[in-house]
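Subject: Structure handover

Hello,

Here is the structure for your files. My notes follow below it.

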Amino acid sequence: MDKLSAMATFVRIVERGSLTAAAEALDTSLPSVVRTLASLERHLGVRLLNRTTRRVSLTAEGERY
């Protein structure tokens, strides 16, 4: 995992408010964004975002990160 790229993806998700919007902004696929986020969360050992079908919100750990 490229940690810097993963961090940039995380920031874009938070800025845009959705995984789909982040994928569009990053000019990549939604599955790629999901995999990157999952890899970052696995690497850190914490969940960064609460995901629903309609939106994402930061967890306490995500806010600190």
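How many aromatic pairs does the structure hold? It holds 1. Rings of Phe, Tyr and Trp (its six-membered ring) pair if their centres lie within 6.5 Å; planes under 30 degrees apart count as stacked, over 60 as edge-to-face and the rest as tilted. The ring centres of F10 and Y65 are 5.6 Å apart and the planes stand at 65 degrees, so this pair is edge-to-face. It links distant parts of the chain: F10 sits in helix 1 (residues 3–16) and Y65 in the segment after helix 4 (60–64), 55 residues apart.

F10 is buried, at 6% relative accessibility. Y65 is partly exposed, at 35%. Buried means under 20% relative accessible area, exposed over 50%, partly exposed in between (1.4 Å probe, protein chains only).

A word on provenance. This is a predicted model: local features need pLDDT of at least 70, side-chain atom pairs count only at pLDDT 80 or more, and totals for chains, interfaces and linings use all residues. Residues are numbered from 1 along each chain as its sequence is written, and side-chain values use heavy atoms, without hydrogens and water.

Now the fold. The chain has 4 helices and 2 strands, in the order α-α-α-β-β-α. These are DSSP runs (helices H or I, at least four residues; strands E, at least two), numbered from the N terminus. The C-alpha atoms fill a box of roughly 25 × 25 × 15 Å along the principal axes. Of the 65 residues, 26% are buried.

Best regards
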